[in-house]
Amino acid sequence: MMDKTYTVALMGNPNTGKSTLFNVLTGLRQHTGNWPGKTVTHAEGECRHRGALYRIVDLPGTYSLYSNSADEEVARDFLLFQRPDVTVVVVDATALERNLNLALQVLEMTDRAIVAINLMDEAKKKGFHINTKKLAAKLGVPVVPISARNREGIDALLDAVDAMAHGRIHTTPLSIRYSPEIERGIAKLLPLVKELMGDTHPARWIALRLLDGDASLLQALKQPPQRLIKEGNTYACCGSVKSV
Amino acid sequence: MAKAKHCRLSDTKPGDRFRIEKVDVPDPVLKRRLLDLGFVPGGEVKVGQRSPLGDPTAYRVCGTTIALRKEESDYIYGETIDHDG
């Protein structure tokens with residue numbers, strides 16, 4: 001009997017302890033390689049919690065999902081096309097202002113997100129107090145304080161992942177209102193995007209990216225995503241198979 | 001004392017504190033990049049060390065040090081608000 005494996009993506013700025021968390025979660029049950037066609041490291045591993053099996057994917061550390069570097073494309077495409085069951089955004093407790101930029105971008109793309117505030121021990125040392133309840137209420141998604149290197153808060157994080165993967169958490173991610181001009185553009189594009197893409201993609205986000213003239217996204221949407229297919233320990237890439 | 005003076009980020013000296021007023025970049029991708037790195041209007045930048053050859057320069061912004069070349073810091077406008085050694 002095989003249980004369903006849930007996919008959990010780890011996102012975050014560089015140097016937020018994302019990979020420390022990844023190692024804590026997966027231990028030695030992990031393998032690394034490259035994303036197909038890119039010199040971007042791909043690491044994934046497995047983690048068991050309360051009987052359920054999770055496939056944890058450590059995405060490249062990025063400040064944003066918009067700036068068209070290979071790292072950011074990998075992270076964006078994973079969210080967009082692989083649509084993980086849960087996305088954990090790892091943020092640095094000592095630099096929330098900087099880190100929440102990416103978190104907000106992720107919340108525009110998916111409602112299945114959890115914000116893990118890492119480095120809580122360091123923030124405490126610096127005298128920061130973070131009101132996680134208020135932050136969770138503002139962001140509309142669960143916020144879990146952790147310290148990956150001290151293995152603190154990991155169980156609470158996995159409980160939140162577990163609840164979200166099994167559909168027990170209802171989120172209302174903060175949706176940013178833009179200027180009237182941009183909102184008018186979104187309203188115009190939204191029905192067209194929905195017609196074209198169906199409900200499987202975040203239509204509002206795609207409309208926004210189109211307004212921004214995001215050529216890299218158009219390219220990714222036109223070319224069916226290079227899906228990672230897991231076969232034992234090897235990965236095949238549909239895109240290149242087709243083109244051969 | 002601090003004297004308000006409108007200038008480019010590239011005109012600052014190590015030790016300066018700078019408040020960003022405008023990020024005016026012709027290339028939209030670079031503009032996006034600078035905003036994502038934390039160079040946003042209203043934001044404060046502490047100018048750090050300059051590399052031995054004069055370029056790039058380290059800037060402390062939102063708790064992280066980011067190095068920018070002159071052709072990038074040229075597009076960031078604002079004022080020097082303070083200087084501490």
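This is a predicted model: local features need pLDDT of at least 70, side-chain atom pairs count only at pLDDT 80 or more; totals for chains, interfaces and linings use all residues.
How many bridges pair strand 3 of chain A with strand 4 of chain A, and in which sense do the two strands run? For the complex, the predictor gives an ipTM of 0.78 and a pTM of 0.84.

Let us begin with chain A. Chain A contains 10 helices and nine strands. It has 244 residues, of which 38% count as buried. If we take the contacts in chain A with a separation of 6 or more, residues 24 or more positions apart account for 66% of them.

I return now to the opening question. Strand 3 of chain A and strand 4, residues 52-58, are antiparallel and are paired over seven bridges. Within this pairing, A:Ala43 is set opposite A:Asp58 of strand 4. Two residues lie between the strands of this hairpin, and A:Arg50 adopts a positive phi near 50 degrees there. Strand 3, which spans residues 41-49, also pairs with strand 2, residues 30-34 of chain A; that pairing is antiparallel as well, over five bridges. Here A:Gln30 has A:Gly45 of strand 3 as its bridge partner.

Next, the interior. As a general remark, in soluble globular proteins nonpolar side chains tend to be buried together. In this model, the largest nonpolar core holds 72 residues. The members that touch the most others are A:Leu10, A:Val89, A:Ile114, A:Val115, A:Ala116 and A:Val161. Helix 6 of chain A, residues 154-165, supplies the largest share of this core, namely six residues. Let us take A:Val115 as an example. Neighbours within four places in sequence aside, A:Val115 is in contact with A:Val89, A:Val91, A:Ala103, A:Leu139, A:Val141 and A:Val143.

I turn to helix 8 of chain A, residues 203-211. Which of its residues are buried? They are A:Ala203, A:Trp205, A:Ile206, A:Ala207, A:Leu208 and A:Arg209. These buried residues pack against three helices of chain A: helix 3 (96-109), helix 7 (180-197) and helix 9 (215-222). Just after helix 8, A:Gly213 has a positive phi of about 70 degrees.

We come now to chain B. Its average pLDDT is 87, and 93% of the residues score at least 70. Chain B has an open sheet of six strands, with antiparallel pairing and the order 1-6-2-3-4-5. At the edges are strand 1 (6-8) and strand 5 (64-68) of chain B, each of which pairs on one side only. From one strand to the next, the twist averages 40 degrees.

Finally, how do the two chains meet? The contacts involve 10 residues of chain B and 11 residues of chain A. On the side of chain B that touches chain A, the largest share comes from helix 1 of chain B, residues 28-36, with five residues. What is the make-up of that side by class? It consists of four nonpolar, three polar and three charged residues.

Note on methods:
Residues are numbered from 1 along each chain as its sequence is written. Chains are lettered from A and ligands numbered from 1 in the order in which they are written. Two strands pair if DSSP finds at least two bridges between them. Helices (H or I, at least four residues) and strands (E, at least two) are DSSP runs, numbered from the N terminus. Axes are lines fitted to C-alpha atoms, for helices over the stretch in contact, and angles run from 0 to 180 degrees between N-to-C directions. Two residues are in contact if their C-beta atoms, placed from the backbone, lie within 7 Å. Ala, Val, Leu, Ile, Met, Phe, Trp, Tyr, Cys and Pro count as nonpolar, Asp, Glu, Lys and Arg as charged, and the others, Gly among them, as polar. A residue is buried if 20 or more other C-beta atoms lie within 10 Å of its own, exposed if 12 or fewer, and partly exposed in between; C-beta atoms are placed from the backbone. pLDDT is the predictor's confidence in each residue, from 0 to 100. A nonpolar core is a set of buried Ala, Val, Leu, Ile, Met, Phe, Trp, Tyr and Cys residues joined through C-beta atoms within 7 Å.
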